[in-house]
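Have the structure open, try each task, and then follow the solution step by step.

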Amino acid sequence: MCIRDRGDAGLLFLRMGVGGREAGMGETGVASSYGASALFWNPANNVFADFETELVLQHYRYLGLFNQESAAVAHKAGSGVLGFVFSGLYSDDIERYGEEPVGVSEGTFKPYDLSIGVSYARGLGKNFSAGLNVKYLYTRIDRFSDSGFAFDFFLTHKAVIEGLVFGLGVTNVGGQMNVNEEPFDLPTTIRGGLAWTPDSEGWNKLTLAGDIVVPNDTNEKAHLGAEYRLIPEFSLRLGTRINYENQGLTAGAGFRAGVLGVDYAYGESKVDGFDDGHKFSLNLVW
C-alpha cells in the first residue's frame, strides 16, 4: 500500500460528502447514491434513477468545530440530467494574534471555504452513463484568499446481473491554489466502487455498497455500508470507514413521507477531544 506525503493538499472539505443516506452507509456512494446527493458522489448514477427533480439540503456539524452547509438540485432534462450544487465549510470564531508573541488578542476571524458547481450526466448506450462537474472554488483565511476551478469526471455501469452497479469517479482535478504565498494542490481523489441490491423476494430490501478511495496526499481508504428498508417509508443504515486515523463506524436512519425525506447520520470520531459527527439532510422529490 502506497503512503503519500501528507499535508500537500488543501480544501479538504471537497472530500466531505453530501447526503445523510450515504453518510450513514459508511460514506459510500460512487455506485449507490442517486438524486441530488449523487451530484457529489456520482451524477452518472442519476441516468438510471427514477425521479424527475430532487432537492437536498444538508447541515453537518464536524468535530465540534466546523459546520458544513450544502444544497443541491438535480433535474432530468431530455436524455440527460442537469444539476447544481453548493457546499460551504466554516469554523467557529478563531482568535487573531499579531506576529509578536505577546499573547494579546487582536479580535477574531472565521475562515471558510466554498464550492459552487454545475453538473451534467447522460447515458452511453443501455448500460453505461457518464457525468461531469465543473466547480468554482473559493477559500479565505483571515485577510488572505484565493479562488480557482476544479473538474470531476464520472462513469457508471449497470451490470448484466440484476441490481449490481459499478461506479468510478475522479474528482477535484485542477491547478494549484495559493493562500498567503503558500501554494497547495487540490484534493484530487479517485473513487471506485459497487452497489448491489439482490433481486429476490425478501432480500430486495437490502442494499450493500463498497468504495475504494485513492487520494493524492495520503494512503488508500475503504468504505463499506449497508441499508435495509424495513418499510418503504423507513430505512436503517450502518457502515464503517477503513484505514482512517480519525474516523470509524457510521449509522443512520431515513424517513420518507410523500415528496419529503429526512435522513440522519452519525459518524464516529476516534480522536480524543473531538466530537462525533452528526449529519442531517432534507430531500424533496417531485
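**Exercise 1: the largest cavity**

About 70 Å³ of space lies in the largest cavity of this predicted model. A search of the whole structure for cavities of 30 Å³ or more turns up two.

Task: Find which elements give two or more residues to the lining of the largest cavity, and sort its lining residues by class.

Solution: 
- Step 1. Start by selecting the lining: Tyr60, Tyr62, Leu63, Arg241, Asn246, Gln247, Gly267, Glu268, Ser269, Asp275, Asp276 and Gly277.
- Step 2. The largest share, three residues, is from β17.
- Step 3. Now sort by class, and you get three nonpolar, five polar and four charged residues.

**Exercise 2: the second largest cavity**

Task: Work out which element gives the largest share of the lining of the second largest cavity, and sort that lining by class too.

Solution: 
- Step 1. The space to look for here is about 50 Å³.
- Step 2. Select its lining residues, which are Ala23, Glu27, Tyr60, Arg241, Thr250, Ala265, Tyr266, Gly267, Gly277 and Lys279.
- Step 3. Two or more of these residues come from each of β17 and β18 (277-285). With three residues, β17 has the largest share.
- Step 4. Sorting by class gives four nonpolar, three polar and three charged residues.

**Exercise 3: putting the linings side by side**

Task: Look up Tyr60 and Arg241 in the lining of each cavity.

Methods:
Residues numbered from 1 in each chain as written. Predicted model: local features only at pLDDT ≥ 70, side-chain atom pairs only at ≥ 80, totals over all residues. Heavy atoms only, no water. 1 Å grid on protein atoms, 1.4 Å probe; cavity = no way out; pocket = protein on both sides within 12 Å on 5 of 7 lines; lining within 4 Å. Points joined across faces, edges and corners; volume = space filled by probe spheres on them. Helix = DSSP H or I, 4+ residues; strand = E, 2+ residues; numbered from the N terminus. Nonpolar A, V, L, I, M, F, W, Y, C, P; charged D, E, K, R; others polar.
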